[in-house]
Amino acid sequence: MTTPKIRSAVASLPAYVPGARIPDGVQAFKVSSNENPYPPLPSVVDAITEAALTVNRYPDMGNTEMTDALAAFLSTPQREVSAERLAFGTGSVAALGHILSTFVDEGDEVVFPWRSFEAYPIVTSVAGGKSVRVPLTPDHRLDLDAMVEAVTDRTRVVLVCTPNNPTGTAVSHSQVLRFLHRIPDDVIVVLDEAYVEFVRKDDALDALALADQFPNVVVLRTFSKAYGLAGLRVGYVIAHPDIAAGIRAASTPFGVNLVAQVAVVASLRAADELNTRVDALIDERTRVWTALRELGWDVPPSQANFVWFPTGTRTEELAAHARTRGLLVRPFAGEGIRVTIGEPEANDVLLELAAEWLTQ
Ligand SMILES: *Cc1c(COP(=O)(O)O)cnc(C)c1O
């Protein structure tokens, strides 16, 4: 029996590789998906529990309460972020899909760094676009000059992942400013800031300031990482009101579910508590990174909640070895291993392994 033909752009997709599952009965640390190791805050669990009693109803289609709470959260005395500049998705990957549906026609080009977030080529193909991958520099950073040069008159969208997943490096504000001046103003530039809460550097990117200045800039963020809501799937964009309205129009109706909306509002209220956890993870990142450098590992400085081991051809062997010790890491065959900064016990296992790998 034959089945209807799947579009070739979809049939040829690489399968999305989810983080490895923890085998039953094995005490293991899942450090493969850049999740937050802390369980949800009690105040967030309470809000979720209460919302569960009303899930026979559709969520608010306009996401009103969540939108207003986020707009207020993002606004400062110097800079107001109005609700009309926001759009949401079932995770920021879905929001990115909506951005591409809004701007990419069949055969249009989407430029992005590579190695970078593995969802980029997938969402590009599904939208009918053509992926243009721009290699990272030898020190695992985005090559913004090469990305500018990769833009053609077919380019509709450029994706800037900072900090870059999986290498952890971040571009600076002045670098992105120079870059934006060189990108045609009819090309959308997505600043994917999935890890923005973990950035601690001089000249840090102020993406919202750039979104005010450049109407073609779309900022993409998520509640999955620092805010610890990966299982509820909420991401959002901040853009010019006209652009945001287009993205909302292309979005799945009722995409962000009722429980997730309530959890976002509760999490924004608990931002101080959540930021304390982020600070603790950053302290662990510093401890791990410093120890790795002392061991002699060439690990790029990470501004995210993970570190990158450029292990090349040894990648799969070392990832398999880590698994035997309960550490479930994310290998990229032939390139390197990404390891999430987790609870201190997980990080300790990583440091033991990293020492062993050097002598094996
Ligand atoms: C994890 C991640 C996301 C977020 O995905 P969600 O769909 O919001 O969970 C987006 N961009 C990058 C680069 C990521 O690493």
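Which of the 13 residues around the ligand come nearest? Select S92, Y195, T222, S224 and K225: those are the ones. (A residue counts as near if one of its heavy atoms lies within 4 Å.) Before you zoom in, note that this is a predicted model, where local features need pLDDT of at least 70, side-chain atom pairs count only at pLDDT 80 or more, and totals for chains, interfaces and linings use all residues. Residues are numbered from 1 along each chain as its sequence is written, and side-chain values use heavy atoms, with hydrogens and water left out.

Now look at the ligand's oxygen atoms. A backbone N or O atom of S92 sits 2.6 Å from one oxygen, and a side-chain N or O atom of R233 is also 2.6 Å from a ligand oxygen. For K225, a polar side-chain atom lies 3.3 Å from an oxygen of the ligand. The protein covers 93% of the 380 Å² of accessible area that the ligand has on its own (Shrake-Rupley method, 1.4 Å probe).

Next, select helix α12, residues 315-324 (helices are DSSP runs of H or I, at least four residues; strands are runs of E, at least two). Here T315, L318, A319, H321 and A322 are buried, meaning under 20% relative accessible area, while exposed means over 50%. Turn to the face away from the buried side and you'll find the exposed E316 and T324.

Last stop: show β10, β11, β12 and α13, which the buried residues of α12 pack against (contact is heavy atoms within 4.5 Å).

Key: Buried < 20%, exposed > 50% of the residue type's maximum accessible area, 1.4 Å probe, protein only. Polar contact = N/O pair within 3.5 Å; in protein donor to acceptor, adjacent residues only side chain to side chain.
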